[in-house]
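Visitor: I would like a close look at a single part of this model. Please take the place where the two chains meet.

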Amino acid sequence: MADAQTLPDFNRKRPFNARLLASRVLVYATLIVVGLFAIMPLAVIFLNSLRYNEDILRESFIGWPTRTTLENWDVAWSSACINASCTGVEPYFWASMLMVVPATMISTAIGLLNGFALTKWKMPFASVVFVAITIGVFLPPQVVLLPWAIALSWLGLSKSLAGLALVHIIQGTCFTTLFCRNYLINLPDDLIKAARIDGAGFFRTFWKIVVPLSPPIIIVTVIWQFTFIWNEFLFAVTFSSSDFRPITAALMSLNADDTGVSEYGFGSAAVLIAAIPPLLIYFFGGRYFVRGLTQGAVK
Amino acid sequence: MASLTISNAWKKYGDFLALRDINLDIEDGEFVVLVGPSGCGKSTLLSIIAGLEEISYGTLNMGSRDVTDLSAKDRNIAMVFQSYALYPTMSVRENITFGMENRKTPKDQQKKAVADVAKLLQIEALLERKPSQLSGGQRQRVAMGRALVRDPQLFLFDEPLSNLDAKLRVEMRTEIKKLHKRLGQTIVYVTHDQIEAMTLSDRIVVMNGGIVQQFADPDTIYREPANRFVAGFMGSPSMNFIDAVVEGEPGDITLVRRSGDGELTIPLKDRHNELAAFAGRTVTIGARPEHFVLTSTGEDEFVPISARVDVVEPTGPDTMLVFSSADLSLVAVLPANFRPEEDARIDLFLDLENICFFDPETTNRIPRT
């Protein structure tokens, strides 16, 4: 009979297996090589942001710093010249922020509302509307460039912060609606029915029942939208001017002066400054992002 | 409280007719259970009563009010869902008061109503918890509290006990019945569990294929089922159905079933003279498992049936016996101490007084004369 009182030997070792060990070594070696390859661009740019430009030009673009300096970061932030105005990237950074934050928030809010209406409210032709909205996800941005230019000039919003934000809100709504609709479709219908019997209307049900249950997908859409709009380049270049220019568009014309010398040092620092906000967002929200995307995959 | 009258209700989904000409008169304070297999339309009917689904044709009256075109919130009903549908992000208290908040009930009234309901359902200690911190039984209570607090004219229950484990289900069943006795509300209760239907209801609506098969009190449903469907659906184990030919003449009728495996003869003598009209034709005998007994009282009310034991299933209080007679496989429920060997040949007695008969063509019960 089994004796439940005496403990067995839990420290049993698995027998040595050479093939297993070899395959492990192979797997990890491959992973390390691929990992290094992936991190290389970031590492090179980061190291260059700490080197003097003359060192970069003299030695090589890829190389370990012989002398280090933080001056590049200061120049990039506050005194590098962009299209002959030597203000650094600072104003463009804040311009981006001013455009990205409202565009992200508004497109997320619209997406959530759309998702609710499409899944939980008896809406005529809901599936047709949903397909129509999500076509925008698969439409290449070049296709909508000209229509947008015309639309913005009609609205009197050409080359303005509000105009570019509007473009991103509407383009982004395609994505946010897709995300939110797929999340909310798994919300139990009974909750909405119970709220209806409890006398709550569309917006009250949305605000009191749906929104409190949506943080996982709100986080996903905010990360997605923020990163996407912040990093976006095509619309940023097309629909901006010297009065308003997002940082991604500004980086293109970054120069120290008019000498035509390539400024790799503070150029690298400026690129990294531009990359910081999405990186921060991803560091703090990344685990929610992965969790949110897989939510509802298994019940 | 109010009565509920459903007249000529139809529901169509595309080309599918979910409900066909439903007519129900539910009295004030009555506990009515809708029962039927899945897809029979019972939940659709409940949704229509709740106002969550629109009716395709027909009218709905609560008391003297025509509520056919009113939305769910204006019908003054409350509903308990199978999934409880508690709002996960709100505390128990907020769950209970949400409806009153929406109706802008004054705060002090809300407070009093919550206190009353919490006391009634013994959930006072749970008021500040979130639904995820509650057990299944507690969630069930909160769901009922949310319904009770509004003091509606009509209560709707949509399979409220089917997510509970067996023991709790029986407890809550009793509790719901007590609650109904105490508060005397009109209740419409949907279930697929025929024991719940039998134990809880004042009257049962048996549905199948979107049609009301029978609307009657539990005893009538059990003893005088309107048709073969009701007879087979209500009761567990199910009623045995035996096709047999009616022979003889009024006052001396015999039912005979002949087959390659033997002959089953049931002399009715002067009983069940209603079968005289079926002389020479086949009728379906409906015998419940408890209509087979071990001993005859000597009256000709009991007819011996020779049986071969197939399976013996002791359930505790009874022994369930699956046996063959002629070419039929039948089920009997017998006293617990009866444990025959398998394949043994035994004699059972069929209680002629309580069996019923169905017309095989219409499947309707042949009424007794």
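How many residues does the contact take from chain A and from chain B?

Guide: This is a predicted model. The contact draws 14 residues from chain A and 17 residues from chain B. On the side of chain A that touches chain B, two helices, α8 (189-197) and α9 (202-210), each supply at least two residues. Of these, α8(A) provides the largest share of that side, with six residues. Sorted by class, the side of chain A that touches chain B holds eight nonpolar residues, one polar residue and five charged residues.

Chain A also has a contact within itself. Its division is into domain 1 (21-69) and domain 2 (90-294). The centres of domain 1 of chain A and domain 2 of chain A, taken over C-alpha atoms, are 33 Å apart. The contact between these domains takes nine residues from domain 1 of chain A and seven residues from domain 2 of chain A. On the side of domain 1 of chain A that touches domain 2 of chain A, α1 (18-49) and α2 (53-58) of chain A each supply at least two residues. The most comes from α1(A), which gives four residues to that side. By class, this side of domain 1 of chain A has five nonpolar, three polar and one charged residues.

B:R368 is found in the segment after β20 (356-358) of chain B. B:R368 counts as exposed because it has 12 C-beta neighbours inside 10 Å. Between the C-alpha atoms of B:R368 and B:S201, which are 167 residues apart along the chain, the separation is 26 Å.

How values were computed: Residues numbered from 1 in each chain as written. Chains lettered and ligands numbered in written order. Predicted model: local features only at pLDDT ≥ 70, side-chain atom pairs only at ≥ 80, totals over all residues. Contact = placed C-beta atoms within 7 Å. Nonpolar A, V, L, I, M, F, W, Y, C, P; charged D, E, K, R; others polar. Buried ≥ 20, exposed ≤ 12 C-beta atoms within 10 Å, placed from the backbone. Domains from an automatic or database assignment.
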